[in-house]
Amino acid sequence: MTRIKVATRFYSRPYWGRLFYWKEGVVMESDRRFLFLNNQYIKKGEKLKMKKMITTLFTLMLILTLSACKTNESNTILVGISPDYPPYESLTVDGEMVGFDIDMTNLFSKYLKEEGYNYEFEFVQMDFDNIITQIQTDQLSVGISGFTYKEDREVEWSKPYLGTSQVALVPVDSDISSVEDLEGKSIVYQTGGTGEETANSIPNAKTTGLKNAQEIMNALGANQFDAAIIDIGFAIQYVENANFKMIENLTSDEKNYIIAKKGNTEMIELINKCIDKFIASTEYQELCQKYELTPVEAE
């Protein structure tokens, strides 16, 4: 059986080349000229119909367009983030963002590229309580900043990616040693977070909200408040590295989520695929251990 082998490159326009054929293991060259078009060899001098040429070129363009669609759509995912909440996210002295959420998002980008997408995540820094507003007005694609579930938030929620709870943080020399001791005390919380509900549930507490978590800790350290209500992952950093102690059991079984605009289920489905792959990975357990955060089981 004679098999034909074309020794030429593919071009988007008709290309004249030389015809080779392979027979019995020997490559032999023919002196005849040919034109390769639409999977056919056409002798030089044969009349080509313009309609067929146009149809062929259009088909080639369509194939190239369809093959590129997956990698070219919606290139940038804008992420609202408040880098004042270690170990989730914070800034180094050089202004670099570091933390669990940063490492996780970098892995998300890797996962999407492995699936053939060309998404890039771009962080947009802002106060925590502005993230939802920016999402609702289409200024952001998602919010990744240690969000815990709150029923009145008009957003789409991803699958959970971490476990957490609300605790009270007090100066190490404080006489507060239990939840009951918080009654009637001055309590500070971060505005926009679920800590507000927890603080306001303490009997007779005088509560104040501040935008920035670092401002909260500075004020607590300066004895402007008796206690701060914050996530346990954040609190651990200050118990280990500063003069604070922790009062636990204010809430239990909370989780962290990624949020998107209400109705943007397509984005949440994409994020959920990344979360599933992340939680199933060895990197997930390593990062939870590194940042002393609570892992969750895959849903």
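Are Phe100 and Tyr291 buried or exposed? In this predicted model, both Phe100 and Tyr291 are buried. Let's start with this pair and see where it leads.

## An aromatic pair

Across the structure, the count of aromatic pairs comes to 16. Take Phe100 and Tyr291: their ring centres are 6.2 Å apart and their planes stand at 80°, so the pair is edge-to-face.

## A walk along helix H2

Helix H2 is worth a visit of its own. With 15 residues, H2 spans 21 Å from its first C-alpha to its last, close to the 21 Å expected at 1.5 Å a residue. After the helix comes Gly116, which has a positive phi, near 95°.

Which residues of H2 are buried? They are Phe100, Asp101, Ile102, Met104, Thr105, Leu107, Phe108, Ser109, Tyr111 and Leu112. Look at Ser109, a member of this helix. Its relative accessibility is 12%, and buried means under 20%, so Ser109 counts as buried. Apart from neighbours within four places in sequence, Ser109 is in contact with Tyr119, Glu120 and Phe121.

## Where H2 meets H7

Now turn to helix H7 (residues 265-279), which packs with H2 at an angle of about 105°, their axes 9 Å apart. That angle makes H2 roughly perpendicular to H7.

Several residues make the contact. From H2 come Phe100, Met104, Leu107, Phe108, Tyr111, Leu112 and Glu114. From H7 come Leu270, Ile271, Cys274, Ile275, Lys277 and Phe278.

Strands of a sheet pair through backbone hydrogen bonds, either parallel or antiparallel. Here, 3 strands form an open sheet in the order S6-S7-S8, and the pairing is antiparallel. Strand S6 (84-85) and strand S8 (97-98) stand at the edges with a single partner strand each, so one side of each has no neighbour in the sheet.

How many bridges join S6 to strand S7 (residues 89-91)? There are 2 bridges between these antiparallel strands. As an example, Asp84 has Ser90 in S7 as its bridge partner.

Definitions and conventions. Residues numbered from 1 in each chain as written. Predicted model: local features only at pLDDT ≥ 70, side-chain atom pairs only at ≥ 80, totals over all residues. Heavy atoms only, no water. Phe/Tyr/Trp six-rings, centres within 6.5 Å; stacked < 30°, edge-to-face > 60°. Buried < 20%, exposed > 50% of the residue type's maximum accessible area, 1.4 Å probe, protein only. Helix = DSSP H or I, 4+ residues; strand = E, 2+ residues; numbered from the N terminus. Expected span 1.5 Å × (residues − 1). Contact = heavy atoms within 4.5 Å. Pairing = 2+ DSSP bridges. Axes fitted to C-alpha atoms, helices over the stretch in contact; angles between N-to-C directions. Parallel < 35°, antiparallel > 145°, perpendicular 65-115°, else oblique.
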